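Subject: Structure handover

Hello,

Here is the structure you asked for. My notes follow below it.

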Protein chains: 2
Amino acid sequence: MSCLPRLSQSLRARGYRVTPQRLAILEALHHDGHLSPAQVYERVRQTGMTEATVYRTLEFLRANGIVFAAQREGGRLTYELAGASHHHLVCRACGAQVDLEAAAFQELIASLEQQSGYRLEASHLTLFGLCPACQKDSKAQA
Amino acid sequence: MSCLPRLSQSLRARGYRVTPQRLAILEALHHDGHLSPAQVYERVRQTGMTEATVYRTLEFLRANGIVFAAQREGGRLTYELAGASHHHLVCRACGAQVDLEAAAFQELIASLEQQSGYRLEASHLTLFGLCPACQKDSKAQA
DNA sequence: ATTCTTATTGATAATTTTTGCAATAAGGAA
DNA sequence: TTCCTTATTGCAAAAATTATCAATAAGAAT
Ligand SMILES: [Mn+2]
Ligand SMILES: [Mn+2]
Ligand SMILES: [Zn+2]
Ligand SMILES: [Zn+2]
């Protein structure tokens, strides 16, 4: 809760405006994360805001580092409040998700930056695979 | 060129059919890779095939390991023929893309699999960042 | 070659996401 | 408070993507 005033400040300082729409979306994401645009819309439609505004606002918040966007199966986007940098493991079979600390990646990222000359955003990657339970299942049916 | 007969065999062996539409799309991707569905459609529309077929076929080929799908900016998908496992660095500013050998990731992936119990597809990730040229530009304007 | 099964396609509609533009309202200045 | 500037929204249309379903055709069997 104490983060909204700070975010508002930071937005105004950059010449952007703090609107009820933006606040509603931020609160929705504060309540539960990893939401698709449609799920965000469900949670804020009562305010009368448009779907177009949801899409625009999510992209705006992402571009300004306030939310993270992560890829779900098939390239669909999912959003959550920005916080400690982390990555995701998602099970292709059941969708189970595990968060990974970003630290594990730091060494590799640094090495890639050195090799390529790129400055990388090593933030919020999603790796797909099979969770332990679904590995068992796929063996069982084989 | 010699790979189409082999792919055809493999598809038929799995009970799928080899259609002119699938062949046309494979040839388009063989000619140049990293194509969006729209770009694939441009290259095959002469055959009379539908956009819906392009989307369906790309997803079909991906699900069967014949093409790779990678994420471009904003979660848009791009396709290329499956080949040596590799990853991408993409510049947020100019879109420049560099391919990375998968080997660089192996160690990290193995370690993550051990920690999490997940079996990971460490294939065809996309990392975003700024290429060397665009880093200079962003300094210049600052 | 003919028949038969059914995977695949085209046509169409539905859904999702993006875009253009005029009306609105945030928030700094007077 | 009132006025101004312009960032932001709503609305409506466009574009992109997915789903439905009957017609088609791949390819195995005869
Ligand atoms: Mn997350
Ligand atoms: Mn590639
Ligand atoms: Zn699972
Ligand atoms: Zn660049």
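Which side chain meets that of A:R43 in a salt bridge? The partner is A:E42, with an N to O distance of 3.9 Å. Before going further, please keep in mind that this is a predicted model.

Salt bridges within the chains

The bridge between A:R43 and A:E42 belongs to a network of salt bridges that also takes in A:D32.

Chain B has a salt bridge between B:R43 and B:E42, at 3.9 Å from N to O. There B:R43 has a relative accessible area of 32% and is partly exposed, while B:E42, with 54%, is exposed.

A further salt bridge in chain B joins B:E59 and B:R62, at 3.1 Å from N to O. Both residues sit in helix 4 (residues 51-63) of chain B, and because they are three residues apart there, about one helical turn separates them. B:E59 is partly exposed, at 37% relative accessibility, and B:R62 is partly exposed too, at 26%. Over all chains, the structure holds eight salt bridges.

As background, side chains of opposite charge can pair when their charged atoms come close.

Contact between chain A and chain B

Chain A puts 34 residues into the contact, and chain B puts in 34 residues. About 2700 Å² is buried between the two chains, and carbon and sulfur atoms give 64% of that area.

Two salt bridges are counted between chain A and chain B. One pair of side chains, B:R92 and A:E121, meets in a salt bridge at 2.8 Å, N to O.

On the side of chain A that touches chain B, the elements giving two or more residues are strand 3 (86-91), strand 4 (97-101), helix 5 (103-116), strand 5 (119-121), strand 6 (126-130) and helix 6 (132-141). Helix 5 of chain A gives the most to this side, with six residues. By type, the residues on this side of chain A divide into 20 nonpolar, nine polar and five charged.

The manganese ion (ligand 1)

Which residues are the protein donors of the manganese ion? They are A:H34, A:H86 and A:H88, each through NE2, together with A:E80 through OE. These donors lie 1.9 to 2.4 Å from the ion. Along the sequence, the donor residues follow the spacing H-x45-E-x5-H-x1-H.

Around A:A24

A:A24 is part of helix 2 (residues 20-31) of chain A. Leaving out residues up to four places away in sequence, A:A24 touches A:V44, A:T47 and A:M49. From A:A24 to A:D99 the distance is 26 Å, C-alpha to C-alpha, and the two are 75 residues apart in sequence.

Regards

Notes
Residues numbered from 1 in each chain as written. Chains lettered and ligands numbered in written order. Predicted model: local features only at pLDDT ≥ 70, side-chain atom pairs only at ≥ 80, totals over all residues. Heavy atoms only, no water. Helix = DSSP H or I, 4+ residues; strand = E, 2+ residues; numbered from the N terminus. Contact = heavy atoms within 4.5 Å. Donors = N, O, S within 2.8 Å, 3.2 Å for Na, K, Ca; no water. Buried area = accessible area lost by both parts, 1.4 Å probe. Salt bridge = Lys/Arg side-chain N within 4 Å of Asp/Glu carboxyl O. Nonpolar A, V, L, I, M, F, W, Y, C, P; charged D, E, K, R; others polar. Buried < 20%, exposed > 50% of the residue type's maximum accessible area, 1.4 Å probe, protein only.
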